[in-house]
Amino acid sequence: MSDTAPTQPSSGAQEFSPAQVGRLAGRFFGPLLGAVAIFGQHMLLLVRAFTWLFRRPFRMRLYLEQMEFIGVGSLPIIMLVGFFSGAVTALQGITALAMFDQQRWVGYAVGVSLARELAPVFTALMITARAGSAMATELGSMRITEQIDALTTFAVNPVHYLVTPRVVASILMLPVMTMVFNVVGLLGGYVISILVYQIDLGQVLELFRHWVDPVDYVQGLIKAVIFGIAMALAACYQGFNVRGGAKEVGRATTAAVVSSSVSVLILDYFLIEIMNVIWPSHGM
Amino acid sequence: MTNGIGTRDERWQIQIRGLCKSFGAQQVLRGVDLDFERGKTNIVIGGSGQGKSVLMKHLMGLLQPDSGHIYVDGEDIVGLDEVAIAKVQRKFGMVFQYAALFDSLNVVENIAFPLIERYRLPKSEILERVRDLLRRLDLDNVPGVEEKFPAELSGGMRKRVGLARALVDRPQILLYDEPTTGLDPIATKNVDEMIRRTADDFGVTSVVISHDMASTFRIGDRVAMLYDGTIIACGTPAELLAAPDPRLREFVEPSGAVKFGVSS
């Protein structure tokens, strides 16, 4: 207790000195403050990436390379995962709907779950695992081998050269890959419901067409854009801030994948809440 | 040393005055005064963590000091804006410890990088300048070297490609960051020779950060020792050996590279 503590109140309750209060507050709010600080640094990186987007020179090649890597490179895995996600959703849907003898609704079930949830979330997670980890590793090893310092000696801003293309390419490619996921997912659903379970194609299609709204796809694509930003930021931030050696690069890669995956799932929840406000009739 | 600061000095190309830099509570540079001679090989020696790399980064404007001045050809580069710094940086070429070549670019693209980023030159001219350097640095006798990626090159070749990249924009000053660290004695000798030859052939001022004593006294025209954030000894190798500072002696003698008291 400090000597300068104020006079004791008559209640007899235990009195804390300001220093103690500070320490206690630090214990409770310290981790929270850390999280806020890291969030703030991510946002700063995002702002810097965007301000550099409009400054010369525009290195088209870097953007195309990243789009090729994030998009075309992820095509096989997205198609594989998309097909089985659609098939599994159809399978589970049919099992549940069979209780009411309403299997034809599987068209709606598969369509809407893919459009709103499965396609954007799984695409983001898959691309995080594949491209996000690679980004963090690449930037991290560029950092430890002084390649990022070398850029600055040629008056090239590393954020301009390395981060902006990756963020922009992610924003552009995640929605595209999400749509690929949707299409392949529907194909998976088709194989299970029509070919395996012999449900009437006309009815399935009719219910899909009638109940699945373009707004469902719009919602999914908005999510994909935001997931793209989250993924690219987490990967670039972690890679960019590596200090030390090869071990740190590995740690940064793990951190990038974990923080990106977690933020995708958390963002997903809040985005649903926001979208339910924007499109109330589509809230479940 | 001269005080003719503010105008271009014929002898001293870089003049550092009272340079201080702290990172948090840790004071790395505590008032460095140091001059680098035009066209000569200037070496800064010092133990690990004595601020050598920090000093080097200040020269290129990658770090801003807390106080002090750095004059390059009489122009104070401290506190310049981004555009002016970029202009000063063109006078410098930096050779990194492990070359720091861009993994995603091949040899030609690596060497051409400064030209592509800084100017709009026709492709043919860029290629011509790159090939000229490959020839002058004896890199052209390796078949298909132009298309090779850094991962396919040996350590020594990587170093020369890094040197070519630093030289391509015809800098006046070349900075070497611990060029011989981690090399065997023969490779070290080759690098020494490379530094000497480059200084002669290209007429550049070389600034070498090193803790390799043998090399330092072999190739240095001027040697300065950075100790605890200040320069404790500075002069030609012969001057340093004739009147050694005890801290310099302590640092140099264990290497067995030179003997004190006799001028080399």
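**The sheet of chain B**

Author: In this predicted model, chain B holds an open sheet of six strands. Their order is S6-S7-S8-S3-S9-S10. The pairing is mixed. Strand S6 (92-95) and strand S10 (230-235) of chain B form the edges, and each pairs on one side only. Neighbouring strands of the sheet are turned by 20 degrees against each other on average, with direction ignored.

Now one pair in detail. Strand S7 of chain B covers residues 173-177, and strand S8 of chain B covers residues 205-210. The two run parallel and pair over five bridges. One position to look at is B:Leu174, whose bridge partner in S8(B) is B:Ser206.

Next, the helices. Helix H5 of chain B (residues 155-167) lies across S6 and S7 of chain B. Its direction is at about 170 degrees to S6(B). Helix H6 of chain B (residues 185-202) lies across strand S3 (41-45), S7 and S8 of chain B. H6 runs at about 160 degrees to S8(B).

Last, the contact between the chains. Chain B brings 13 residues to it, and chain A brings 10 residues. On chain B, helix H2 (82-89) and helix H3 (107-118) each supply at least two residues of the side that touches chain A. H3(B) gives the most, with three residues. By type, this side of chain B divides into 10 nonpolar residues, two polar and one charged.

Notes:
Residues numbered from 1 in each chain as written. Chains lettered and ligands numbered in written order. Predicted model: local features only at pLDDT ≥ 70, side-chain atom pairs only at ≥ 80, totals over all residues. Pairing = 2+ DSSP bridges. Helix = DSSP H or I, 4+ residues; strand = E, 2+ residues; numbered from the N terminus. Axes fitted to C-alpha atoms, helices over the stretch in contact; angles between N-to-C directions. Contact = placed C-beta atoms within 7 Å. Nonpolar A, V, L, I, M, F, W, Y, C, P; charged D, E, K, R; others polar.
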